[in-house]
Amino acid sequence: ATAAARDRIGVIAFEIDDQSGEALSAGLDVLRAMHGVVDIVQSPVFGKKGRMGASVRVLCLSDHMDAVAEACLVETATLGVRLSQVDRMILPRHERSVTVDGAAIRVKLAERPDGTLSAKAEADDVSAAAMTAAERQRLRRTAEDAALKEEDDG
């Protein structure tokens, strides 16, 4: 079995209660496109005086944290951000492209600590190739199974 790699990652956290959902979404899209940003998650929260807001967590490569934090202050209405670095474990993974029903679907394959492989079809590829929920589910499952089979065969 392959061990998970360890590294450190930057975490930038803040809350927003005075920016429209549309404006926040646009700002987070700009942040997502930045070099060094790994992921962005937002959750609904209740702030002071019972106001609805959003809690935002940005994960970024540690050496990009200052630039990403400054962009958070430009692209959102927050007045401040919290910065931290945390250790993380990352499974070894790679991507394989398979063709299902004439559509190219990217599939991420990850090796679990017990040596098994897991597969996850790229949601954007599946959505672009299938119209209904049932078609997307079938396409996703077929692509993941095909990628695992190709991995076993080759």
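In this predicted model, the largest nonpolar core comprises 17 residues, and those with the most contacts inside it are Ile12, Phe14, Ile40, Val58, Val68 and Cys72. Two or more residues are contributed to this core by each of the elements E1, H1, E2, E3 and H2. Helix H2 supplies the largest share, five residues. Leaving aside residues up to four places away in sequence, Val68 touches Ile12, Leu31, Met34, His35, Val37, Val58 and Cys60. Another core, of twelve residues, lies apart from the largest one and includes Ala103, Ala121, Ala143 and Ala147. In soluble globular proteins, nonpolar side chains tend to be buried together.

The sheet is open and consists of four strands in the order E2-E3-E1-E4, with antiparallel pairing. Strands E2 (37-46) and E4 (82-90) stand at the edges with a single partner strand each, so one side of each has no neighbour in the sheet. On average, neighbouring strands are turned by 25° against each other, direction ignored. Strand E3 (residues 52-61) runs antiparallel to E2 and is joined to E2 by nine bridges. Within this pairing, Gln42 stands opposite Val56 in E3.

Two helices pack on the sheet, as summarised below.

| Helix | Residues | Strands touched | Direction angle |
|---|---|---|---|
| H1 | 21-32 | E1 (5-16), E2 and E3 | about 160° with E2 |
| H2 | 65-75 | E1, E2, E3 and E4 | about 20° with E1 |

Notes. Residues numbered from 1 in each chain as written. Predicted model: local features only at pLDDT ≥ 70, side-chain atom pairs only at ≥ 80, totals over all residues. Heavy atoms only, no water. Pairing = 2+ DSSP bridges. Axes fitted to C-alpha atoms, helices over the stretch in contact; angles between N-to-C directions. Contact = heavy atoms within 4.5 Å. Core = buried A, V, L, I, M, F, W, Y, C linked by side-chain atoms within 4.5 Å. Buried < 20%, exposed > 50% of the residue type's maximum accessible area, 1.4 Å probe, protein only.
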